[in-house]
Amino acid sequence: MLGLVAGLAGLGISVYLTVVHYSTIALACPANAVVNCEQVLASSFAVIGGSGVPTSAAGIVWFVVSSALAAATWRARGPRLARAQLAWSAIGLVTVVYLVYVEIVLLGAVCIWCSAAHLMVLVIFLVALARLPEDRVAS
Amino acid sequence: MRRPVSRTPSWVPPVAVVGVLALLVAAFLVIRWYTTPVAPPPLNIDATQLVVSSITSLPASEFDAVGKGSANNLIKAVSGSLLTGSNGRPEVFYFGAEYCPYCAAERWPIIIALSRFGTFSGLKTTSSSSTDIYANTPTFTFHNATYSSQYIDFAAVETTDREQKPLESPTPAQQALVSQYDTSGSIPFVDFGNRYASSGASYLPDVLSGMTWQAIADSLAQPGSAQSKAILGSANLITATVCRLTADQPAAVCSSPSIQAIEKTLG
């Protein structure tokens with residue numbers, strides 16, 4: 001249940017950031033020495049591979065799949081589904097580590113909306129980790 | 001016979017993951033701290049004069065070679081009664097702060113562009129805040145600087161120093177301009193005679209990261225350098241805008257092909 005809630009919350013954040021990217025809506029975000037969403041989202045790292053597609057669009061795809069996996073494991077538990085969820089969330093977590101590196105080291109600014117989405121990825125990963133099959137036995 | 005193996009307590013893996021992530025974030029912060037450039041000491045008067053002379057005596061061919069360069073044109077047409085300065089000439093009004101890294105970046109092209117119409121005196125070197133993004137960006141300050149020109153007037157307000165302590169306050173009339181035309185609240189804000197206005201920097205300050213004033217001045221002599229493309233490209237945008245205010249005077253500046261080409265793109 002927690003994984004599904006985190007997935008939907010992350011999806012909402014990603015949709016918001018993507019809508020802001022493609023529109024003239026001002027991003028609700030304070031700007032100071034540490035937090036500066038505009039600085040992060042205006043950087044070349046905010047789009048995928050130099051295209052015009054925002055990184056948050058990839059976040060939408062990731063959170064949709066993650067939410068689907070969370071919903072599936074909620075309805076029917078099984079080791080294969082749990083491992084798939086763990087593998088998918090591990091991909092997300094590695095990506096988050098890279099994006100946090102970009103924010104702190106390369107840009108020197110943190111986007112709080114991005115950080116909220118990153119936190120949802122971490123929650124999803126921890127939930128998936130906790131759901132690893134516990135039926136491993138040794139003879 | 002099967003027997004359960006002794007398992008790791010269930011709380012250990014999540015705590016270990018969070019711990020590793022915390023260590024990574026701490027490592028990132030340390031890397032950032034070590035790679036952030038330190039504030040270069042301000043230059044003395046003679047060294048400052050050398051740098052200012054260098055960047056304000058670039059040949060016209062240098063500006064033509066760069067054109068718009070890598071500058072992002074933030075200058076928008078605005079409407080209002082012509083803003084004139086204390087000498088009755090069209091006024092360029094700058095509103096910024098010494099701590100602000102975007103102001104630090106934008107002062108370079110402002111000084112270079114306006115020096116094609118007149119002369120600055122009393123410019124001093126400084127750097128943007130050491131605790132803001134693009135920390136310690138080398139620049140100049142308009143605080144206590146003066147400008148004279150037979151074509152335009154120039155007024156500047158630096159609201160705070162690099163420590164964000166109050167420095168100068170706008171007059172009510174200047175504050176009204178900021179309120180009317182700088183609706184985003186971004187600095188630097190530049191009003192070109194109430195005909196054009198810009199908010200923000202026309203290039204990112206990281207192009208100046210870790211450089212000294214002299215190194216930046218030297219890089220402007222090379223049209224292909226990243227600094228030339230950013231700073232001289234921005235200066236050409238400002239020059240073309242000012243040429244609109246002065247009816248393309250002086251001709252030696254405003255009639256150049258690159259300035260004329262940019263003027264056609266202005267609204």
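Colleague: How many buried residues does helix 1 of chain B have among its 24 residues?

Modeller: This is a predicted model. Helix 1 of chain B covers residues 12–35 and reaches 34 Å from its first C-alpha to its last, close to the 34 Å expected at 1.5 Å a residue. The helix is hardly covered, and its count of buried residues is zero.

Colleague: Which residues have the most contacts inside the largest nonpolar core?

Modeller: That core has 69 residues. Leaving aside neighbours within four places in sequence, Val92(B) is in contact with Leu114(B), Ile152(B), Phe154(B), Val190(B), Phe192(B), Gly193(B) and Val242(B). Apart from this core lies another of 26 residues, among them Ile13(A) and Cys114(A). In the largest core, the residues with the most contacts are Val92(B) and Val242(B).

Colleague: How are helix 7 and helix 9 of chain B oriented to each other?

Modeller: Helix 7 (residues 226–245) and helix 9 (residues 257–265) of chain B pack with their axes 9 Å apart, at an angle of about 75 degrees. Angles of 65 to 115 degrees count as roughly perpendicular. The two helices of chain B are therefore roughly perpendicular.

Colleague: By class, which residues make up the contact of helix 7 with helix 9 of chain B?

Modeller: Helix 7 of chain B contributes residues including Leu237(B), Ala240(B) and Arg244(B), and helix 9 of chain B residues including Ile259(B), Ile262(B) and Glu263(B). By class, the contact has five nonpolar, three polar and two charged residues.

Colleague: What is omega for the cis peptide bond that joins Ile187(B) and Pro188(B)?

Modeller: Most peptide bonds are trans. Pro188(B) sits in the loop between helix 5 (172–181) and strand 8 (189–192) of chain B. The bond from Ile187(B) to Pro188(B) is cis, with omega about 5 degrees.

Colleague: Is Asn194(B) buried or exposed?

Modeller: Asn194(B) is in the loop between strand 8 and strand 9 (196–199) of chain B, and has a positive phi of about 65 degrees although it is not a glycine. A residue with 20 or more C-beta neighbours within 10 Å is buried. Asn194(B) has 20 C-beta neighbours inside 10 Å, so it counts as buried.

Colleague: And Asn144(B), buried or exposed?

Modeller: Asn144(B) lies in the loop between strand 5 (138–141) and strand 6 (146–149) of chain B. Its phi is also positive, near 70 degrees. Because Asn144(B) has 11 C-beta neighbours inside 10 Å, it counts as exposed.

Note on methods:
Residues are numbered from 1 along each chain as its sequence is written. Chains are lettered from A and ligands numbered from 1 in the order in which they are written. This is a predicted model: local features need pLDDT of at least 70, side-chain atom pairs count only at pLDDT 80 or more; totals for chains, interfaces and linings use all residues. A nonpolar core is a set of buried Ala, Val, Leu, Ile, Met, Phe, Trp, Tyr and Cys residues joined through C-beta atoms within 7 Å. A residue is buried if 20 or more other C-beta atoms lie within 10 Å of its own, exposed if 12 or fewer, and partly exposed in between; C-beta atoms are placed from the backbone. Two residues are in contact if their C-beta atoms, placed from the backbone, lie within 7 Å. Helices (H or I, at least four residues) and strands (E, at least two) are DSSP runs, numbered from the N terminus. The expected span of a helix is 1.5 Å times one less than its number of residues. Axes are lines fitted to C-alpha atoms, for helices over the stretch in contact, and angles run from 0 to 180 degrees between N-to-C directions. Angles under 35 degrees count as roughly parallel, over 145 as roughly antiparallel, 65 to 115 as roughly perpendicular and the rest as oblique. Ala, Val, Leu, Ile, Met, Phe, Trp, Tyr, Cys and Pro count as nonpolar, Asp, Glu, Lys and Arg as charged, and the others, Gly among them, as polar.
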